Amino acid sequence: MAKPTVVYIPGLGTKYDWFRKVCLRIWRLGGVRVEFIVMDWTDGRDYQKKYEHIVGVVKRYQAVSVIGESAGAAAALTLLDPRLPEVKKIATICGVATNDMPIVKAIQEKAPALIQARDLIPDRVPNGVVNSFVPLIDGVVKSNYAVARGAKRHVVPTIGHFFTAFFCLVFYWPIILQTIRKNGIIGAERS
């Protein structure tokens with residue numbers, strides 16, 4: 001039997017992707033395969049091109065769970081689409097999880113694809129599908145924007161945006177995997 005699959009969508013900060021990939025190798029100890037999506041939010045491509053790439057990865061499997069970190073949460077939540085039955089569960093970590101989250105002008109100019117993704121986040125997510133992991137205090141993504149409407153909120157015992165993303169990648173991942181495993185499979189390869 002093939003390993004369950006998690007599709008991981010990172011946030012801004014492509015220079016940290018090497019670190020994210022190293023950390024995600026540890027997740028194999030949890031019995032999952034991780035597909036890392038290179039987003040490069042600041043490359044100038046519009047969100048539609050990035051979305052098509054993500055969908056291409058998702059379609060290789062019968063079922064996947066998608067984890068979106070920070071800006072990657074917006075991309076993950078755009079996958080809540082009846083045309084993508086492969087997406088079974090979504091988890092967001094310190095994420096841009098509502099379509100009304102204000103984004104500072106400097107980020108808008110640097111990463112316009114993030115604005116496009118944010119605008120596509122559904123007003124409400126289906127019950128039992130999305131889990132949002134948030135720190136006690138986050139100065140980058142405020143808690144009222146970090147939990148998708150209809151999602152289950154999970155408080156990570158940390159303070160700060162970047163530290164929480166790091167903490168989840170390195171230490172908290174077993175709890176995240178356990179949470180998304182509840183009430184269903186994480187994902188399976190297409191036969």
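I started with phenylalanine 167, which is buried at 18% relative accessible area (buried is under 20%, exposed over 50%, partly exposed in between, with a 1.4 Å probe and protein chains only). Phenylalanine 171, in contrast, is exposed at 52%.

A note on my source: this is a predicted model, where local features need pLDDT of at least 70, side-chain atom pairs count only at pLDDT 80 or more, and totals for chains, interfaces and linings use all residues. Numbering runs from 1 along each chain as its sequence is written, and side-chain values use heavy atoms, without hydrogens and water.

Next I looked up the aromatic pairs, and the whole structure holds 13. Rings of Phe, Tyr and Trp (its six-membered ring) pair if their centres lie within 6.5 Å; planes under 30 degrees apart are stacked, over 60 edge-to-face, the rest tilted. Tryptophan 27 and tryptophan 173 are stacked, with centres 6.3 Å apart and 20° between the planes. Both tryptophans are buried.

Back to my two phenylalanines: their ring centres are 5.7 Å apart and their planes meet at 45°, so phenylalanine 167 and phenylalanine 171 make a tilted pair. Both sit in helix H7, four residues apart, about one turn of the helix (helices are DSSP runs of H or I with at least four residues, numbered from the N terminus). Phe167 and Phe171 also belong to one aromatic cluster, which includes Trp18, Phe133 and Tyr172.

I found zero disulfides in the whole structure (a disulfide is a pair of cysteine sulfur atoms within 2.5 Å). The sulfur of cysteine 168 has its closest cysteine sulfur in cysteine 94, 6.1 Å away, which is too far for a bond. Cysteine 94 is buried at 1% relative accessibility, and cysteine 168 is buried at 0%.

How values were computed. Helices (H or I, at least four residues) and strands (E, at least two) are DSSP runs, numbered from the N terminus.
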